[in-house]
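Colleague: I'm new to reading protein models. Could you walk me through this one, feature by feature?

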Amino acid sequence: MTEAGPGGAASASLWERDAELAVVTDAIDALRDDASPTEMGSLLMFGGEAGIGKTALLAETRRIAERRGCTVWSARGGETVTSVPFNVVRQLLQPALVSLMPEEAREYLGDWYEVAGPALGITDPGERQADPQGVCDGLVAAVSRLAKREWPLVLLIDDAHWADQETLHWLAAFCERLDELRVLVVVARRPGEVSGESERHLETIAAAARLPLTTLTALTPDAAAGLTRATVGAHADAPFCREVWAVTGGNPYETVELLAKVQDSQLEPVESSAAELRGLNRSARGHGLVARLEGLGIEATRFAWAAAILGTGITVDLVARLATMRPAEAVRCAELLSAARILTEPDAANRQADGGELEFVHPLIASAVYRSIPDGLRTAMHGIAAQVVTDSGLGAAAASRHLLEVHPDDDEELVEQMREAAREHLAVGAPEAARRCLERALLEPPLPEVHPHVLYELGCATLLTSPSTTIEYLQAALAMPGLEGEDRVSAVYRLSQALLHNDQLDEAIRTVDEEAARLEPGPARMRLQAVHYMWEGIHAAEEDSPARSRELAELAATCTGRDNSERALLILRGFDAMTHGESAEEVVELCDRALVNGRLAPGLGWTDSAWGIELLLMLGSAYAYTDRLDRAESLFTEALRAYETAGWSGGHLSLAHAYVGLAHRRRGRLRDAEASLRESLRLAERVGRGLPLYWSSTCGLVDTLLARGHVEEAWSIAERYGFAPPYPSTIVLPDTRSVRGRLLIAVGRTKEGVNELEAAEKACAGRGRNPVLAPWAGDLARALVSDDPRRAAELAATARQQAELLGTDTAIGEALRVAAALETGQRSVALHAQAVTYLESSPCAYEHAAARVEYGIAAKSVAELNRGLTLARSCGADGLAARAQEVLDHGRGLR
């Protein structure tokens, strides 16, 4: 039994906590073990009802850790401040960061300073909306880097059930990295209390714990008796001690408070006094606590109410202004409440960087005081608090927490305050907080001319996190009068983009068409026409393709590239021509005209919101499949740098990695391609399965693994990530059916593979696709050569015709490889030789290596096999290299 000496609430609350403290001590000792061969952090999570001793256990954890030379950072959630984004993580990190000089902070946070700094309140946010996933990653990186500076580091988070959602998102992500860091995280929470995303994050955090969640239990009667005698005297008799346990239910906090009341009242701890314990216990909590507070006087009550309204950053000055009392009176009330064990100064070692001079002794007291404020008065005090916070220069975002509690009252100023707060929240990467502010503004409600703009801003706030919510708000905004001109066109574009990412491509195209029909000829209409063709261009189920291509070609023919709408149309025409397998020279000429001095035009950059990522991916893809891989790789690498610099770690960064992987795959850098595509898939997993970007990652990785000869792993990836019909409504590069058909054949499911490739043929019938982009014909011809040689020959001939129309060395060389595979004898050797001639001029090294190996086998040439082997090894094509080596080792008939 842990029997600390009498007197302190913290130590008294640790009775019967030997097992928990042993776990804590072992974890701290393991953290400090210099002999440990690897860096290995850990997580402990403690749960239990209110007052069960979680806070006391964390306080003792701090003492143990500090005695052993650890750095300890701590923070606590609060019932009234769950809507304040990054509140708890700021508490945790700000003391360490503010102790650094600005340049030191920049050095430790590196590239993440500008991304995570605004969320932590140590630097001003930029003008662009921050990516919440990027901010989360930045915070993970910040703690990881600071942990290496402050090792051994212990992080304590109390009342995690009341932590803000942004903090829980960060903590869940950080706990997944604990294997890489020597950090001990100790979390305390109550069961229940939360739901939705916050509960999901807490479950992720609990799953990372080194031990299952430990639920703290109430004191036993023996422990309650020991604590009673240690507090009020050894002469306390058994009946009195049993009654202490009975009236508190063994709750440590209530037991400590009750015994303090016994001491204050000088009650004799004997059986004859036991009947008075229930009354004393009622005065220590709930209504009894409120009555005790009221007994301190109306000014002290007002002071406590004002402190509870503020919740965090409690200073005597702010409380005085909120409670409308003189400074001297406020100081007196603070002292009175401190003596009554309601408010206290923060522990010097645990003082936060929010400027707070006071805090409630226990979260239960804070909650009880807050709930005791009459409803109408509480609402009014929140309104006053908003003004006090604003006047103090803390900003609209800080005031918004209070404005959320104010009743709607047709207040134009409140609407504008909430719109400004939403902008501040978005700038630091807290779209959920922005959403709450704008939804509150709608309740006011806004003036008719402002209302659609608030809805539009709501749609923009949720675009990165919830396409379905974005759709709802933007459709409502566009249905109302007042959203006109450029704002309306931008709203239509964003709505169509949200529909696309919600896999509602038909609806996206319809939305753009309907709005374009309302507009007179001019830049706005041309922009929407370009968006129409952009969405149709990536529509996998496109109908009437020849007519659409003719319309797009006629429109693009009038474009000189003088503005971004015209440049967009040129890119779209180039992409359309590429997917249809038209002349590569013409494709490249169209794409080049869309550039300015060989670079992206201002306003068409990767992080610019006017056009989005899709248009530029189409530009890079047009280059990639017309053998201009230098330009494609440059564009995709630029995208990667842009998103990493801006801290965008969600879907945009996932797609950038996928398309960098595509460029590597086309060049034949298969190891680099695999690494990029695995990172893309990791990021896509965080955004959500089933979205188009998820398919790009999975398809590219399967295709790359097949090229490497890692068939079993390719199949495992396909099975694990659902790479099978039904396919998304958007085009995926490379072609999904072609890749899956090749995969099925590779694992011996030839009939299914043939069926898949024939499905690819039907899907491509309207497009006449680029034979390198959708190489189903060559794979199908190889699969049918034994059973249906005539059909195989027809397919090979068609592939050759399409390749010559496209005119790239890669397309022609690949078509010749297919033709050679269907022939025997000298005819096969001659075709293989021609394929090598074309492919050695191609930028696609893997295809060149494959052609060399096949030529070497057909010609029985040791020299060609060795050249192919060298190329295959340099590409990372392990299966191809093994095939070449096997033939060389066998040696029979080679010359």
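Colleague: Let's start with a cysteine. Is Cys764 buried or exposed?

Modeller: Keep in mind that this is a predicted model. A residue counts as buried when its relative accessible area is under 20%. Cys764 has a relative accessible area of 4%, so it is buried.

Colleague: And how many disulfides does the structure hold?

Modeller: First the general idea: a disulfide is a covalent bond between the sulfur atoms of two cysteines. Here there are zero. For Cys764, the nearest cysteine sulfur belongs to Cys699 and is 12 Å away. To call a pair a disulfide, the sulfurs would have to be within 2.5 Å. Cys70 is in no disulfide either; its nearest cysteine sulfur, on Cys175, is 17 Å away. Cys70 counts as buried too, at 8% relative accessibility.

Colleague: Okay, helices next. Which residues of α26 are buried?

Modeller: In α26 the buried residues are Leu505, Ala508, Ile509, Thr511, Val512, Glu515 and Ala516. They cover an arc of only 160° around the axis, so they sit on the same side of α26. Turned away from that buried side is a face with the exposed residues Glu514 and Ala517.

Colleague: What covers the buried residues of α26?

Modeller: The cover includes α25 (485-501) and α27 (523-537). You can check the helix length as well: at 1.5 Å a residue, the 14 residues of α26 (505-518) should span 20 Å, and the end C-alpha atoms are 21 Å apart, which agrees.

Colleague: What about a residue such as Ala380: where is it found?

Modeller: Ala380 is in helix α19, residues 375-391. With a relative accessible area of 40%, Ala380 is partly exposed. In sequence, Ala380 and Val406 are 26 residues apart, yet in space their C-alpha atoms are 7.1 Å apart.

Technical notes. Residues are numbered from 1 along each chain as its sequence is written. This is a predicted model: local features need pLDDT of at least 70, side-chain atom pairs count only at pLDDT 80 or more; totals for chains, interfaces and linings use all residues. Side-chain values use heavy atoms; hydrogens and water are left out. Helices (H or I, at least four residues) and strands (E, at least two) are DSSP runs, numbered from the N terminus. Buried means under 20% relative accessible area, exposed over 50%, partly exposed in between (1.4 Å probe, protein chains only). The expected span of a helix is 1.5 Å times one less than its number of residues. The arc is that of the directions from the helix axis to the C-beta atoms. Contact means heavy atoms within 4.5 Å.
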